[in-house]
Amino acid sequence: MLQTPPRNMCNITDIKKDENGVTFFTGNGTVAVLAVAENILRLRYTKQNAFSKQPSYAVVSNQKAAFDTEETETEYVIKTAEVTLAVNKQTCRFSYYDKNGSMLVCEPEDGGKHLMPFDVYMPVM
């Protein structure tokens, strides 16, 4: 049976900034934003207490790019030389902008991120 995920489930409760990026702690998981190039932000989202230690096959290397952060009344903002990500404090809605401030894409008002657990099966040889 399919269930509709609750709305506004990602209220940000705390943040941590380090040399790699910004981690947002929410009422329903953790979101990490890593600046890996001036035009690439890597996003990770988990409902677990910590991110998996398994290497990602989608990431070629652990590059880093310079980034700045700002905080407004409603958003946390992460900027590189080429791209800006605005994260709504109440919903975790991600809005992406180019270096000129033109919107590239944004998530729905409710934040748009919903994780559903599933079993992973691996063949035994």
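Which residues does S95 touch, not counting residues up to four places away in sequence? Here are some notes, starting from that one.

1. S95 touches T84, L85, A86, M103, V105 and C106, once residues up to four places away in sequence are set aside; contact here means heavy atoms within 4.5 Å. The residue sits in strand β8, residues 94-98. Strands are DSSP runs of E with at least two residues, numbered from the N terminus. S95 counts as buried because its relative accessibility is 5%; buried means under 20% relative accessible area, exposed over 50%, and partly exposed in between, with a 1.4 Å probe and protein chains only.

2. A word on the basis: this is a predicted model, in which local features need pLDDT of at least 70, side-chain atom pairs count only at pLDDT 80 or more, and totals for chains, interfaces and linings use all residues. Residues are numbered from 1 along each chain as its sequence is written, and side-chain values use heavy atoms, with hydrogens and water left out.

3. D98 is also found in strand β8. With 22% relative accessibility, D98 counts as partly exposed. Its contacts, not counting residues up to four places away in sequence, are E82 and L104. D98 and L85 lie 13 residues apart in sequence, and their C-alpha atoms are 9.0 Å apart.

4. Do have a look at the open sheet of four strands, which has the order β1-β2-β3-β4 and antiparallel pairing. Its edge strands, each pairing on one side only, are β1 (12-17) and β4 (40-46). From one strand to the next, the twist averages 15°, with axes taken as lines fitted to C-alpha atoms and angles running from 0 to 180 degrees between N-to-C directions. Two strands pair if DSSP finds at least two bridges between them; β2 (residues 21-26) and β3 (residues 29-37) have six, in the antiparallel sense.

5. F24 has V31 in β3 as its bridge partner. Leaving aside neighbours within four places in sequence, F24 is in contact with residues including I12, I15, V33, Y76, I78 and V87.

6. The largest nonpolar core has 18 residues, and F24, V33, L85 and V87 have the most contacts inside it. Such a core is a set of buried Ala, Val, Leu, Ile, Met, Phe, Trp, Tyr and Cys residues joined through side-chain atoms within 4.5 Å. At least two core residues come from each of β2, β3, β4, β6 (75-79), β7 (83-88) and β8.

7. Finally, the cysteines. The count of disulfides is zero, a disulfide being a pair of cysteine sulfur atoms within 2.5 Å. C92 counts as buried at 0% relative accessibility, whereas C106 counts as partly exposed at 29%.
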